[in-house]
Amino acid sequence: MIQESQKLHRLRRLSAAATALAMCVLAGAVARAAEPITIGFGMALTGGLAAGGKTALLAMQIWQDDVNAKGGLLGRPVKLVFYDDQTNPPTVPGIYTKLLDVDKVDVIVSGYGTNMIAPAMPIAIQKDRLFLGLFGLAVNSEFHYPKYFSMLPVGPDPRAAISEGFFEIIKANKDKLGLKTIALAVDDGEATRNTADGARVNLKKAGLNVVYDKTYPPTTTDFTPIIRAIQATNPDVVYFASYPPDSVGLIRTMHEIGLNTKMCCGTMTGPQSTSIKTSLGPMLNGIITFDFWLPAPTLRFPGVMEFLKRYQEQAAGKGVDPLGYYLAPWAYADLQVLGQAVEGAKSLDQDKIADYIRTHTFKTVVGDVEFGEKGEWKKARLMTVQFQNITGTSIDDFRDGKGEVVIRPDQYKAGEPILPYSSIKH
């Protein structure tokens with residue numbers, strides 16, 4: 001009897017130990033399941049791209065809140081892990097190395113802009129990681145990396161596509177205005193060199209003669225010598241491939257000197273942002289450039305206006321774009337693609353997510369998105385716009401797309417270009 005009692009006691013102890021172990025294992029599994037899925041990136045929160053970077057970050061944080069309110073991804077909450085890249089490309093490799101090696105994030109996406117995406121690409125490739133780029137132009141044309149995908153509607157030929165509408169307008173008005181010569185001034189950065197390469201292809205198709213074609217350092221602050229040198233060549237068309245800080249400097253200098261040309265300005269990045277619109281006001285009149293989305297009736301895709309309402313409510317007082325038309329929907333859509341791909345692949349495996357992105361259509365606030373070769377959009381969906389009839393510098397002067405008229409393509413067209421440029425009241 002004593003021996004049986006001892007055996008029973010040992011069995012109970014073993015059973016209790018086994019139960020405790022099982023509970024620990026279960027608790028560990030539950031804890032791991034509850035650990036957030038981390039999405040890492042660098043973002044321009046200071047420096048020349050900070051206005052756009054802060055806008056993108058707020059949009060991404062709204063996506064994070066929306067996803068978590070619905071239960072997260074794969075039954076786990078989502079957490080953004082980010083660092084300020086200071087709009088300084090040399091900081092980017094270190095940020096992404098830290099995100100992957102120290103923070104051990106599950107997925108990486110890019111910050112805002114080609115110049116910040118390009119230096120992160122070698123890290124993503126070296127670590128064999130999925131990488132989504134936000135507004136990166138032709139970043140993958142040299143790498144051919146199969147796990148890169150670009151949230152930018154420039155299609156399979158991005159370099160040429162972004163200026164194609166500008167040169168279509170040149171061809172349509174060539175005989176009427178006598179457009180024969182062109183001057184190009186190009187910021188010597190990754191994005192702007194790419195756009196200028198495409199412009200040089202397009203200008204040949206338009207039959208223009210180049211009378212000036214020079215690059216300038218991204219750190220340039222005095223644009224007077226550039227505008228004077230361009231004016232000395234008396235070009236019929238002036239084309240700029242510029243980033244936000246230099247776009248502002250170029251436009252102000254154009255007005256100080258009085259640029260005399262028939263058509264301007266190509267692919268200026270910056271005038272699409274509300275802060276730059278309100279700083280320049282009527283000085284923007286006559287400028288032709290690109291844009292990716294405006295709140296026009298034909299572009300109000302499901303969910304986009306509801307998102308913008310929430311964005312604008314949260315943007316107040318935060319030093320971000322108060323309207324958010326240029327970048328906020330795209331930053332939100334970028335993570336919509338990632339979230340749908342993770343759920344669709346039912347995994348955080350990088351190859352499985354990449355395969356899913358390559359083979360599916362995504363429903364986003366910027367419309368349906370499909371990716372093709374090199375991770376670019378299968379089809380381009382660009383707009384060529386001209387700033388027209390701007391009289392003030394308040395936010396209301398630009399609300400609902402006011403002052404920015406779509407002149408190409410026909411499916412989104414809202415007006416005709418006003419030419420020549422030098423006849424327009426600024």
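I first looked up phenylalanine 290 and found it buried, with a relative accessible area of 3%; in my entries buried stands for under 20% relative accessible area, exposed for over 50% and partly exposed for what lies in between, computed with a 1.4 Å probe on protein chains only. I then checked phenylalanine 292, which is also buried, at 2%.

I note that this is a predicted model, in which local features need pLDDT of at least 70 and side-chain atom pairs count only at pLDDT 80 or more, while totals for chains, interfaces and linings use all residues. I number residues from 1 along each chain as its sequence is written, and side-chain values use heavy atoms, with hydrogens and water left out.

**Aromatic pairs**

I searched the whole structure for ring pairs and got 21 of them. Rings of Phe, Tyr and Trp (for Trp, its six-membered ring) pair if their centres lie within 6.5 Å, and I call planes under 30 degrees apart stacked, over 60 edge-to-face and the rest tilted.

One of the 21 joins phenylalanine 135 and tyrosine 326, an edge-to-face pair with 5.3 Å from centre to centre and 65° between the planes. I traced phenylalanine 135 to the loop between strand E4 (131–134) and strand E5 (148–151) and tyrosine 326 to the loop between helix H11 (304–315) and helix H12 (328–345), so this pair ties together parts that are 191 residues apart in sequence. For these labels, helices (H or I, at least four residues) and strands (E, at least two) are DSSP runs, numbered from the N terminus. Phenylalanine 135 is buried at 5% relative accessible area, and tyrosine 326 is buried at 4%.

I next returned to phenylalanine 290 and phenylalanine 292, whose rings form a tilted pair, 5.1 Å centre to centre with 45° between the planes. Which cluster do the ring pairs build? I find that they link Tyr112, Phe135, Phe290, Phe292, Tyr326, Trp330 and Trp377.

**Disulfide**

I looked for disulfides (pairs of cysteine sulfur atoms within 2.5 Å) and the structure holds one. It is formed by cysteine 264 and cysteine 265, with their sulfur atoms 1.9 Å apart. The torsion about the S-S bond of cysteine 264 and cysteine 265 is about 95°, and I therefore record the disulfide as right-handed. Both cysteine 264 and cysteine 265 are buried.

**Helices H6 and H7**

Two packed helices are described by the angle between their axes and the distance between the axes. For helix H6 (residues 158–177) and helix H7 (residues 190–205) I read axes that come within 8 Å and cross at roughly 35°; the axes are lines fitted to C-alpha atoms, for helices over the stretch in contact, and angles run from 0 to 180 degrees between N-to-C directions. The crossing of H6 and H7 is right-handed, a term for a near helix turned clockwise from the far one by less than a right angle, with anticlockwise giving left-handed.

Taking contact as heavy atoms within 4.5 Å, I listed the residues that meet: in H6 they include Arg159, Glu164, Phe167 and Lys171, and in H7 they include Asn194, Asp197, Leu203 and Lys205. By class, the contact of H6 with H7 has five nonpolar, five polar and five charged residues, where Ala, Val, Leu, Ile, Met, Phe, Trp, Tyr, Cys and Pro count as nonpolar, Asp, Glu, Lys and Arg as charged, and the others, Gly among them, as polar.

**Backbone checks**

Most residues other than glycine have a negative phi, and most peptide bonds are trans. I found a cis peptide bond between arginine 408 and proline 409, with omega about -5°, and one between leucine 419 and proline 420, with omega about 0°. Proline 409 is placed in the segment after strand E14 (404–408), and proline 420 lies in the segment after E14 as well.

Lysine 104, not a glycine, has a positive phi of about 55°; I located lysine 104 in the loop between helix H3 (92–101) and strand E3 (107–112), where it counts as exposed at 57% relative accessibility. Histidine 144 likewise has a positive phi of about 55°, sits in the loop between E4 and E5 and is partly exposed at 48%.

**Whole chain**

Of the contacts in the chain with a separation of 6 or more, 69% come from residues 24 or more positions apart.
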